[in-house]
Amino acid sequence: MLNILYANPYSLFDYTSGSSNSIRLILKNFTHLNCNVNAIFSSVSCSKAGYSRTREIINQSNKNLMVNNFKFDNIQCTALNTRHWDRRELTFDEEKIFYEETISLISKNKINLLISWGNLKLEESLFKEAKRLGIKLCFYLVNPNYLGEQFYLKDNADYIITDSYSTKKIYQNFIKNKIIVLPKCLEENSSQTFTKKKSKSCLIVNPSINKGLEPLLSLSKRIQQSIPEIKIWCIDGREQIYNDLQYLGYGDSDIPKNINIFPACNDLNSIYKHVKIVFLLSIWHESGSRVIQESYSNGIPVICFNTGGNKEFIGENINDIFKIPNLYKDKNNRLRIKNWDNQKMFERISLFFENDNFYDKYSQRIFKKNNINRKNQEFKEALQEVILTIRRI
């Protein structure tokens, strides 16, 4: 029997984080494959919305205790209520409690595999102690920012999983241990019925400078001039868009009128039903975007740049992926667009909105090829191979 512990301060219930959603579904499926799974985390999130939702979940059966224990999706959870949503604001006493609770779980549950990520002092202290106790370390690697850095898991992880061959490729000469690509898993309550999209709206999730705010603004202006009836819905789950707009020199009156900004949404599937296209305009390495598979499972085309794992995830829909703009880093080392001609992308978007017959057939084909049950079965089979690999190490 494989006894697994996920240990990381970031919340498993931060719905504004694709990584949190992915790791929670991985752990859930480990339990389906007869593994004992414990998870220790805190209410720290990527956003205030994720923090609030996490605290709601972990305090359902208890009354705001510092440490709460409960079961969720067959995962035995230990959750720490923190004073602040930001990881950088985790206090010394909170880190101390988290460390002690983790070591206690390792001892009580005879853990033989610890899954985590990170390179801050708390995480590395946990990795080192787990290693000393003879526990195997599994590094969940979906962030490009580790490249070129020195950190404990680089040389000490027994097993590394990622979500795209693109991410595996950029790390294969930097990290010596074998990196295994694990497909994405989707929520089982996602849409199972195809419906025609009559909407005049597009969707983009968590737009920021890294995630394509500059090309979004350029594209929105072009769409507003030529097809003014099209609306662009921006889900600002991390409450970052206004700060980034200000950084780019945009005031409220400068934002294109076809852009509608909404707060975090806990149920994106309810949004997908009412949009015709999803934009994924990230200009940095998008390891393996959950947005693509969620959109495809709803029969919605995704317009994206050829960065990170996007090309793998869009499959045969090669007319929906575009060359990344010419980039540079500004004086604050932020990735910016030097120049970009949005003509080809605009033409593709126009085709989807102006030719209903073409769009309906295209949308239905995407939906059929991305059946949730089949995709999740592929994930489970890959996860079974992961378990076999772990047992062989």
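**Entry 1: the model.** I am working from a predicted model.

**Entry 2: the open sheet.** I began with the strand order. The open sheet has 8 strands, and I read them off as β3-β4-β2-β1-β5-β6-β7-β8. The pairing is mixed. Which strands stand at the edges? They are β3 (67-72) and β8 (179-181). Each has a single partner strand, so one side of each lacks a neighbour in the sheet. From one strand to the next, the twist averages 20 degrees.

**Entry 3: a helix on the sheet.** Next I looked at helix α2, residues 48-58. Helix α2 packs on the sheet and touches β2 (36-42), β3 and β4 (75-80). Its direction makes about 80 degrees with that of β3.

Entry 4: I then followed the pairs one by one. Strands β5 (residues 113-116) and β6 (residues 136-140) run parallel and are joined by 4 bridges. Here L114 has L137 in β6 as its bridge partner. β6 and β7 are also paired in the parallel sense, over 3 bridges. C138 has Y159 in β7 as its bridge partner. The pairing of β7 with β8 is parallel too, over 3 bridges. There I160 stands opposite I179 in β8. How does the chain get from β7 to β8, and what hand does the crossover have? The chain passes through helix α6 (residues 165-171), and this β-α-β crossover is right-handed.

**Entry 5: the two faces of β7.** Side chains in a regular strand alternate between the two faces of the sheet. I checked strand β7, residues 159-162, for what lies on each face. Y159 and I161 are on one side, I160 and T162 on the other. All four are buried, and both faces are covered.

**Entry 6: the cores.** Nonpolar side chains tend to be buried together in soluble globular proteins. I looked up the largest nonpolar core here and found 53 residues. Which members touch the most others? They are L203, L216, F279 and I349. I took L216 as a case. Leaving out residues up to four places away in sequence, L216 touches I204, P207, I232, C234, I259, F279 and L281. A second, separate core has 37 residues, including L25, F379, L383 and I387.

**Entry 7: salt bridges.** I found 20 salt bridges in the structure.

K96 pairs with E100, and the closest N and O atoms are 2.7 Å apart. The two residues are 4 apart in helix α3 (residues 92-108), so about one helical turn separates them. K96 is partly exposed at 43% relative accessibility. E100 is partly exposed as well, at 42%.

D244 pairs with R334, with 3.2 Å between the closest N and O atoms. D244 sits in helix α8 (residues 241-247), while R334 sits in the loop between β15 (326-329) and β16 (335-339). The pair therefore ties together parts that are 90 residues apart in sequence. Is D244 buried or exposed? D244 is buried, with a relative accessible area of 4%. R334 is partly exposed at 26%.

R365 pairs with E316, the closest N and O atoms being 2.3 Å apart. R365 lies in helix α13 (residues 356-369), and E316 in the loop between α11 (310-314) and β14 (321-322). This pair ties together parts that are 49 residues apart in sequence. R365 is partly exposed at 27%, and E316 is partly exposed at 47%.

Methods
Residues numbered from 1 in each chain as written. Predicted model: local features only at pLDDT ≥ 70, side-chain atom pairs only at ≥ 80, totals over all residues. Heavy atoms only, no water. Core = buried A, V, L, I, M, F, W, Y, C linked by side-chain atoms within 4.5 Å. Buried < 20%, exposed > 50% of the residue type's maximum accessible area, 1.4 Å probe, protein only. Contact = heavy atoms within 4.5 Å. Salt bridge = Lys/Arg side-chain N within 4 Å of Asp/Glu carboxyl O. Pairing = 2+ DSSP bridges. Axes fitted to C-alpha atoms, helices over the stretch in contact; angles between N-to-C directions. Right-handed = clockwise from strand over helix to strand, strands pointing away.
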